[in-house]
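User: I would like to learn how to read pockets, cavities and helix packing in a model. Please take me through them one at a time.

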Amino acid sequence: MANRIEHFTMIPLRDIVVFPTMVTPIFVGRKKSINALNIAGDTDKKIFLVLQKDPSISDPGKDDLHSIGVVADILQVLKLPDGSIKVLVEGNYRAEIVGLDEDEECIYADVEPLEDVYENDKFHKYLKESLLKHFREYAAVENNFPKELFDSIVKIEDLHNLSYMIASNLGSRVSDQQEILEKPKLSDRVEKIIEVIETDTEIKKIDKRIKQRVKSQMTKTQREYYLNEQIKAINKELGRDEDIKADIEEIQNQIDGKNMPKHVKDKAEKELKKLKIMPPMSAETTVVRNYLDWLVNLPWGEFTEDILDLKKAEEILDRDHYGLEKPKERILEFLAVKKFSERIKGPILCFVGPPGVGKTSLAKSIAESMNRNFVRISLGGVRDEAEIRGHRRTYIGALPGKIIQSVRRAGSMNPVFLLDEVDKLGMDFRGDPSSALLEALDPEQNNAFTDHYLEVDFDLSKVFFITTANTVESIPHALMDRMEIIRIPGYTEKEKLNIAKKYLFPKQLDEHNIPSEKVSIADNAIVDVIRYYTKEAGVRNMERELASLVRKSAKRLVTEDNISQVKITRNNLEKYLGVKRFRLEQVEESEEIGVATGLAWTPYGGDILQTEVATYEGNGKLQITGHIGDVMQESARTALSVVKSRARKFNVPAYKFRDFDIHLHVPEGAVPKDGPSAGITMATAIISALSGMQVNCKIAMTGEINLRGKVLPVGGIKEKVLAAHRAGVRTVILPEENRKDLTDVPSDVKKILHIMFARTIDDVFDIVLKNKKEMG
């Protein structure tokens, strides 16, 4: 057949490819195609069939046709009622168009027959196996593939016929089928068929999975709908349907009854509308229901009326707390201003002081004196920002933050709100809680505080915020800037005695239900409890010791028949509390060389420190011991430099610094000590040891020193002066610039002590060093 041109009438096909050896029905409707069919039927019953490139073209030319088609035999012609013709053709061989001859009646094609190329390939067997394997997979996913046709195809032995048979029965695109027809090599044709089969199979698998998923989802939805309808019917039968309606109606009444701001009421109405159309058993229903419950139970527009009676407020504050004049005065100032202006914003106070001085209980007394509700949250260890501002509702188990929860618990928009231990806030990957407090504690912003859960503005401007802290160093600066710091330094011994007599001991008797006439305690016994069994700025441990005394007294009253009353005195105190736990620091009675008495601030309220200096042969080193911190070590080196600069004045030869080592020690070495306030004490002890001049140890001193010998001011004056008073000191040296701080020292203590002031280290030396004239 090669190299010979044949002449046939031609029918262009729109949407079908006819393969050799295949019997295929085609439908003919165009006039030229019908004429071509008639001419072929009157001659040799052969016709050329080729695929159009674009099926929409009615009168295609050569460029609109694919170049390769099939010469087919006409087996049967059937005229249809609509004028079209159904023709059954059998593909014979492939042929390529070399020319077209078109007239008004039909199209004639000059074609060149194409032979199938059979390579001498040994792997035809494997090609056939692979083709059949893929065809079986295709037939498995193609639900509409006839079983009889499948059985007849897999029995075909000839790979040539098998490939055409499979290609003609694939539901693939005509472009793919045309590409298969055009392949000259059998192996190429088989590979293309396998490629088409794989693509179709994968598409059908995906389609099948999607249909199954959709069907499953529809089944689940229908099942849920059916069950929900059953639940509705059951609820209606049991009367629960009325309960749900009543619940929604109750929420609506609460919304109407609350004095909510407009934007909050709109939000509540919107959420309630959403709740009404939700299925009762839906998870989202619970979320919306809980949200509405929080929204309607907040005290919108509810305020307690402030009592602006300053005398009554002062009575309550004095009743509950002894001393603490500054905090009390600040509260009374606030109430006085409230009398003139209702618009004043709530202050933000920060009580700073050591543990046990009454910071928390003072906040409760403030609430009572103002007739406000009181709420407290502890911030110690809080590391998650969401604990302050709440979680968003998208989280499972979401709740508002501690601030909104506490306001709801308070039941009013203007409570006294205590944020305890604000200096113990933490920070980690979940955010910075101190930053979340900035908005709440800013009077300029907190009228529109936003909680992540509520998602509506909440007015905190009428809340009286009080924070407590043991130290301000760990409070972030931005947060501290929003608060008014009120320091509570601790109690004097006299104040502790009064607190124990008036508050703590009667309180313990009352808690243990023991009549006051059954157990009594002498004042000197309380003083000994303060001095020898507790060491603190506050009164918490003292209260524990008093409680222990009450319990032990109660035991004696019950177990010993001959006792009807217990009197606790200084003489029998050790019988109840055991041996003394602390020793009271007392100053040296004599005048010594190389020893000076200093004053120090401690968390317990203040103490005296005997600073010792010894010299011995060496090479001029300064050794410092006694668990001394970096700042205090630098202060010691500064003191030594000041002494060197004044050595000639005190007749201290230069070799004393060159050939002798100086050892400075501060006793109670297990207790950490730091700070610059021992500067003048160390300088005095060093000059005494080097010069041989005695120091009057009955004089206590405190003050920082610089290289020029100036005495600089220090902190903790009240605590230090009280410590000197307890230790039996009668003369105290303070920096001149600390003269103003004596206003904090109780007047009865100032009457007993002789307080002197120093501007330079020379002033100090003049006061405490003995035998100066004789040695000078």
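User: Which residues lie nearest the centre of the second largest pocket?

Analyst: Rolling a probe the size of a water molecule over the atoms shows where empty space is left. On a 1 Å grid over the protein atoms alone, a pocket is an open set of points with protein on both sides within 12 Å along at least five of seven lines, and lining residues have an atom within 4 Å of a point. Here, His 321, Val 357, Gly 358, Ser 361 and Val 539 lie nearest the centre, out of 24 lining residues. This is a predicted model: local features need pLDDT of at least 70, side-chain atom pairs count only at pLDDT 80 or more, and totals for chains, interfaces and linings use all residues. Residues are numbered from 1 along each chain as its sequence is written, and side-chain values use heavy atoms, without hydrogens or water.

User: Which helix gives the largest share of that pocket's lining?

Analyst: Helices (H or I, at least four residues) and strands (E, at least two) are DSSP runs, numbered from the N terminus. H12 gives the largest share of the lining, five residues. Helices H12 (359–370), H17 (493–511) and H19 (540–559) each supply at least two.

User: What is the class make-up of the pocket lining?

Analyst: Ala, Val, Leu, Ile, Met, Phe, Trp, Tyr, Cys and Pro count as nonpolar, Asp, Glu, Lys and Arg as charged, and the others, Gly among them, as polar. The pocket lining has eight nonpolar, eight polar and eight charged residues.

User: How is the second largest cavity lined, by class?

Analyst: In a cavity, a 1.4 Å probe fits but cannot get out. The lining of the second largest cavity has ten nonpolar, two polar and no charged residues. Leu 13, Ile 16 and Gln 178 are among them.

User: At what angle do H10 and H12 pack?

Analyst: Two packed helices are described by the angle between their axes and the distance between the axes. Axes are lines fitted to C-alpha atoms, for helices over the stretch in contact, and angles run from 0 to 180 degrees between N-to-C directions. H10 and H12 pack at about 155 degrees, with axes 9 Å apart. That makes H10 roughly antiparallel (over 145 degrees) to H12.

User: Which residues of H10 meet H12?

Analyst: Contact means heavy atoms within 4.5 Å. Ala 313, Ile 316, Leu 317, Arg 319 and Asp 320 of H10 meet H12. By class, this contact of H10 with H12 has five nonpolar, two polar and three charged residues.

User: And how far apart are the axes of H10 and H11?

Analyst: The axes of H10 (310–320) and H11 (325–340) are 10 Å apart, at an angle of about 160 degrees. That makes H10 roughly antiparallel to H11.

Technical notes: Angles under 35 degrees count as roughly parallel, over 145 as roughly antiparallel, 65 to 115 as roughly perpendicular and the rest as oblique.
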